[in-house]
Amino acid sequence: MQPFRAMLDFDSGSLVPAAAGFSRRLSEMIGAYADQEAARSLLAHGDDPVIYTGYDASVPAEAGHLTFRTTIIMPGTIGTEYFMTKGHHHVRDSAEFYLGMSGSGVMLMQSRTGEFARQDLEPRASVYVPPGWAHRTVNIGDAPLVFLAVYFGDAGHDYDSVADAGFGWRVFRGADGPELHRMNMAGAGQSRPAEPGADDDG
Ligand code: PAN
Ligand code: ZN
């Protein structure tokens, strides 16, 4: 292939040229949210909101390449839990680089041995996700959260590991703003408020 350049719009998240766009609705990730009743009631009323969209660069999904994509997470909540990505491990444990472009968010990260970390994602903030850390991004603002992610072409995405085991922490809208809750993994709807530091263990 030939060298190329692509333009990023930091406000809209558009990537030009892009190979493809993607979009994820609530119905495609209903199990991700703690308040299953709220999620099912929305769908039952014919409301299937787009939670996030994005654009993929034209890079082969092959070893040796660095691929990248933008993501735009809409503002909103399911119950009181903020809109977020499904989250995943990479099939081949490998690092990833995130860059905040607009809006305000939080990245939840969890190692294969159960350690937890979170980092705020905002314009001009870069976040490094080491190999073996599952990651999920949450929009805690009132505007779309836009960011860039750069990862290995042959990394692959493993969504099942996250869907099966879940994330140990969730972010809810509280009376005074976002609240991070440690989840009781035995019951998806149970939680207790907590305010851990950015590198506290879960
Ligand atoms: C990101 C994510 C993107 C969408 O580009 O793929 O934000 O989130 P999910 O893949 O969890 O649905 C990334 O981490 N790529 O590896
Ligand atoms: Zn990733």
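Biologist: What makes the pair of Y52 and ligand 1 a polar contact?

Modeller: A polar side-chain atom of Y52 sits 2.4 Å from an oxygen atom of ligand 1. A polar contact is a pair of N or O atoms within 3.5 Å; within protein, one must also be able to donate a hydrogen and the other to accept it, and residues adjacent in sequence count only if both atoms are side-chain atoms. The Y52 pair is therefore a polar contact. R24, with a side-chain N or O atom 3.0 Å from a ligand 1 oxygen, passes too, and so does H90 at 3.2 Å. Taken alone, ligand 1 exposes 390 Å², and the protein buries 99% of that (Shrake-Rupley method, 1.4 Å probe).

Biologist: Where do these values come from?

Modeller: This is a predicted model, where local features need pLDDT of at least 70 and side-chain atom pairs count only at pLDDT 80 or more, while totals for chains, interfaces and linings use all residues. Residues are numbered from 1 along each chain as its sequence is written, chains are lettered from A and ligands numbered from 1 in the order written, and side-chain values use heavy atoms, with hydrogens and water left out.

Biologist: Which residues coordinate the zinc ion (ligand 2)?

Modeller: H88, H90 and H135, each through NE2, and E96 through OE, at 2.0 to 2.3 Å. Donors are N, O and S atoms within 2.8 Å of the metal (3.2 Å for Na, K and Ca), so these atoms qualify. Along the sequence, the donor residues follow the spacing H-x1-H-x5-E-x38-H.

Biologist: Why is the site of the zinc ion (ligand 2) called octahedral?

Modeller: Six donors count as octahedral if opposite donors are over 155 degrees apart and all other angles lie between 65 and 115. The six donor atoms here give angles of 69 to 173 degrees, and the site is classed as octahedral.

Biologist: How do you know whether H88 is buried or exposed?

Modeller: Buried means under 20% relative accessible area, exposed over 50%, and partly exposed in between (1.4 Å probe, protein chains only). H88 has 9%, so H88 counts as buried. E96, at 3%, is buried as well.

Biologist: And what about H181: buried or exposed?

Modeller: H181 is buried, because its relative accessibility is 10%. H181 belongs to strand β17 (residues 177–183), and its side chain makes a polar contact with that of E179 at 2.9 Å.

Biologist: What makes β16 and β17 a pair?

Modeller: Two strands pair if DSSP finds at least two bridges between them. Six bridges join β16 (residues 169–174) to β17, so these antiparallel strands pair.

Methods: Helix = DSSP H or I, 4+ residues; strand = E, 2+ residues; numbered from the N terminus. Tetrahedral: all angles 85-135°; square planar, octahedral: opposite > 155°, others 65-115°.
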